Amino acid sequence: QVQLVVSGGGVVQAGESLRLSCAPSGFIFTVNSTTWYRQAPGNQRELVASITNHDVTKYTDSVKGRFTISRDNAKNTVYLEMSSLKPEDTAVYYCHVDRLWSGYGTFEDLWGQGTQVTVSS
């Protein structure tokens with residue numbers, strides 16, 4: 001079974017930076033699109049940033065110019081570099097992969113465990 005492993009997150013001051021990582025476990029051939037979502041208490045889950053296997057990226061307006069999504073294909077890892085963090089960025093961040101191909105077969109609609117990002121003012 002393939003799982004998405006998420007790392008990073010933590011507690012930072014406003015204006016500081018954090019990096020999140022998302023990588024599937026196991027023997028992976030190719031990952032299609034990866035998306036970072038976040039959910040703050042009392043709010044719906046929202047898309048933060050996404051990247052396709054052709055490196056086409058998309059960002060929600062509130063993070064444009066501050067967050068960067070990238071992928072290391074050799075490691076099948078997607079990163080979310082978050083800079084100039086604001087208190088309103090506080091949320092649980094989730095990684096999602098729509099499809100990947102592995103030595104165990106094809107998997108779709110994978111979610112990583114959430115990681116808490118807390119930005120204090």
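## Starting in a loop

Does Asp-55 count as buried, partly exposed or exposed? In this predicted model, Asp-55 counts as partly exposed, because its relative accessibility is 47% and that class lies between the 20% and 50% cut-offs. You can find Asp-55 in the loop between strand 6 (46–51) and strand 7 (57–59).

## A buried serine

Now move to strand 3 (residues 18–24), where Ser-21 is found. With a relative accessibility of 12%, Ser-21 counts as buried.

What does Ser-21 touch, once its neighbours within four places in sequence are left aside? Its contacts include Val-5, Val-6 and Ser-7, along with Trp-36. Thr-77, Val-78 and Tyr-79 are also in contact with Ser-21.

## Rings that meet

The count of aromatic pairs comes to two. In one of them, the ring centres of Phe-27 and Phe-29 are 5.0 Å apart and the planes are at 75°, so the pair is edge-to-face. Phe-27 is exposed, at 53% relative accessible area, and Phe-29 is partly exposed, at 49%. The other pair is Tyr-37 with Trp-111: here the centres are 5.2 Å apart and the planes are at 45°, so this pair is tilted. Tyr-37 in strand 5 (residues 34–39) and Trp-111 in strand 11 (residues 105–111) are 74 residues apart, and their pairing links distant parts of the chain.

Together with Phe-27, Trp-101 and Tyr-104, Phe-29 forms a nonpolar patch on the surface, and the accessible area of the four comes to about 470 Å².

## An arginine over two rings

Which rings does Arg-45 lie over? One is the ring of Tyr-94, where the charged end of Arg-45 sits 3.8 Å from the centre. Another is Trp-111, with Arg-45 over its face at 4.8 Å from the ring centre. Trp-111, also part of the tilted pair with Tyr-37, is partly exposed, with a relative accessible area of 37%.

## Pairs of opposite charge

Side chains of opposite charge can pair when their charged atoms come close. How many salt bridges does a search of the whole structure find? The search finds six. One of them joins the side chains of Glu-81 and Arg-19, at 3.8 Å from N to O. Glu-81 lies in strand 9 (residues 77–82) and Arg-19 in strand 3, so this pair ties together parts that are 62 residues apart in sequence. Both ends count as partly exposed: Glu-81 at 36% relative accessibility and Arg-19 at 43%.

Arg-38 and Asp-89 form another salt bridge, and their closest N and O atoms are 3.0 Å apart. This pair also links distant parts of the chain, 51 residues apart: Arg-38 is in strand 5, while Asp-89 is in the loop between strand 9 and strand 10 (91–102). Arg-38 and Asp-89 are both buried. For a further example, look at Arg-99 and Glu-108, whose closest N and O atoms are 2.8 Å apart. Arg-99 is partly exposed at 35% relative accessibility, and Glu-108 is partly exposed at 48%. Finally, salt bridges with shared partners join Arg-38, Glu-46, Arg-66 and Asp-89 into one network.

Methods. Residues numbered from 1 in each chain as written. Predicted model: local features only at pLDDT ≥ 70, side-chain atom pairs only at ≥ 80, totals over all residues. Heavy atoms only, no water. Helix = DSSP H or I, 4+ residues; strand = E, 2+ residues; numbered from the N terminus. Buried < 20%, exposed > 50% of the residue type's maximum accessible area, 1.4 Å probe, protein only. Contact = heavy atoms within 4.5 Å. Phe/Tyr/Trp six-rings, centres within 6.5 Å; stacked < 30°, edge-to-face > 60°. Lys NZ or Arg CZ within 6 Å of the ring centre and 35° of its normal. Patch = residues over 30% accessible without salt bridge, like charges linked within 9 Å, V, L, I, M, F, W, Y side chains within 5 Å. Areas by Shrake-Rupley, 256 points an atom, 1.4 Å probe, with all protein chains shown as cover.
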